[in-house]
Amino acid sequence: PSSTTEPRPGDAAVGGVSLAEVAGRYGTPAYVLDEGEVRHRCRTYRDAFPEAEVHYAAKAFLCRAMAHWVSDEGLGLDVCSAGELELAVTAGFPADRIVLHGNAKTPHDLKRALWYGVGRIVIDSPSEIARIAAAVGPDGHQKVMVRVVPGISAGGHDKIRTGTEDQKFGLSISDGYAQHAIARILDQPQLELTGLHCHLGSQIADVKPYLAAVRRMVGLMARLKEQHGLVLRELDLGGGHGIAYRPGEPAMDLTRLARKVRAELTEACAAAGLTVPRLIIEPGRAVVGPAGVALYRVVSVKHTGGRTFVAVDGGMSDNPRPALYGVRYAPRLVGRRGSADLAPVTVVGRHCEAGDVLAADARLPDDVRAGDLIAVPVSGAYHLSMASGYNAVGRPPVVAVRDGRARLLVRRESLEDIHSRDVGL
Ligand code: LLP
């Protein structure tokens, strides 16, 4: 770790570290992750849901330090590939607190999951049942859950709605697929069905869909008890809790969510004559999103087509979210005090397509110029984890900041890294 100086006027600090100094030391584009904020958000979940297991959804962002922080704060982990699993266990994450997800778990994913001894595997399709049972072996034992489609529409964008019938995840209740799969799991003595799982979607700020999911899932649990005498002790409601990307946007109130879900679950179980199952939740975005800042250097400023385009040295290869979901960010100038007059600008990336727009409707000081530093807050979730190799620019580094100190967690992808994979000539 290296200490950094106090921010200069017009600069901004995260975790007590000047963003301008991070940019100077590690280059741009770079992602800054506030360790204190990640840990604080983990604790906020633990405090709001003391009775529940909180599993961090690794797909939002994972590196070894992140896995360590999450484990240290007492959370479990949701992974959906052997790659995520291995990153976590090699960081010391206890495998029995890891859940394996995925609608198309490969033989390798399953093999590694069983080898490391993951706590639970969430079954997403009927064909997995026999595959998992065979891989576990006749004398083995594996806890599993079943991912059920609750038939509820919620989520910030069509591409991230997973609670509706017409999408690829899980087994639907309404046509009996879920029930059928559950009966087949019960025939496999080496598989222990601990409970049901559902995930409505992502970027949901409203509590109501979660309450509807509780009713739907408890309804299924009651029918399973009736038909099979099956008592399920766990209910996983997935993640999806929304955050504000720009000031004033709605975000999920976790305390309210916890209170309402608890009340609904208690009431629904009492009405159905069921013991209240242990609740599991799987937040990703809300743990890490607000803890991350993306840092870019302005490469050019140009006025054309009636607009001012501020082009930076990163773009859709490190943040594909605006292009994929039309998300809007609030970039700001850091490192110097700019003009007090703000101008409407379009912040674009360096990639070779017109859709490479990071913020279509940003407001920046009207003297913004090449060489300036731009910070994009709320960049911790689903940026680097979805980063691509487009235009061979290399993925940015991740720098952790805490108590006035910065340290490199993930180094920048170099051109040698990229070129070394190209072995065909
Ligand atoms: N559990 C399961 C089974 C999931 O599939 C997901 C996210 C989560 C939990 C965590 O959801 P979160 O709390 O992060 O919303 N790339 C998109 C988001 C895709 C979410 C995929 N699954 C985005 O950038 O908005």
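Predicted model: local features only at pLDDT ≥ 70, side-chain atom pairs only at ≥ 80, totals over all residues.
The ligand is surrounded by 22 residues, of which Ala57, Ser202, Gly239, Gly284 and Tyr382 are the closest. Helix H10 (285–288) and H11 are the elements that contribute two or more residues to this shell.

The protein chain is assigned two domains: domain 1 comprises 2–32 + 289–420, and domain 2 comprises 35–287. Their C-alpha centres are 33 Å apart. The contact between the domains involves 22 residues from domain 1 and 21 residues from domain 2. On the side of domain 1 that touches domain 2, at least two residues each come from helix H11 (321–325), strand S20 (398–402) and strand S21 (405–410). S20 provides the largest share of that side, 4 residues. By class, the side of domain 1 that touches domain 2 consists of 16 nonpolar, 4 polar and 2 charged residues. Because domain 1 and domain 2 both give residues to the shell around the ligand, the ligand lies between them.

The UniProt annotation "binding site", from an unreviewed entry, covers Arg285, Arg321, Tyr325, Glu353 and Tyr382. These positions are spread over 98 residues of sequence and also in space, with up to 27.2 Å between C-alpha atoms. Arg285 is located in helix H10 and has 25 other C-beta atoms within 10 Å, so Arg285 is classed as buried, the cut-off being 20 or more. Beyond its neighbours within four places in sequence, Arg285 is in contact with Ala60, Ser202, Gln203, Ile243, Ala381 and Tyr382. Tyr382 is located in the loop between strand S19 (373–377) and S20. With 24 other C-beta atoms within 10 Å, Tyr382 is likewise buried. Residues up to four places away in sequence not being counted, Tyr382 touches Ala60, Arg285 and Arg321.

In domain 2 (35–287), helix H7 (residues 177–186) has Ala178, Ala181, Ile182 and Ile185 as buried residues. These residues cover an arc of only 100° around the axis and therefore lie on the same side of H7. The cover over the buried residues of H7 includes helix H6 (126–136) and helix H8 (208–228), together with strand S8 (120–123), strand S9 (142–149), strand S10 (171–172) and strand S11 (191–197).

Methods. Residues numbered from 1 in each chain as written. Domains from an automatic or database assignment. Contact = placed C-beta atoms within 7 Å. Nonpolar A, V, L, I, M, F, W, Y, C, P; charged D, E, K, R; others polar. Near = placed C-beta within 6 Å. Buried ≥ 20, exposed ≤ 12 C-beta atoms within 10 Å, placed from the backbone. Arc of directions from axis to C-beta. UniProt positions renumbered as here; feature names shortened; annotations may be inferred.
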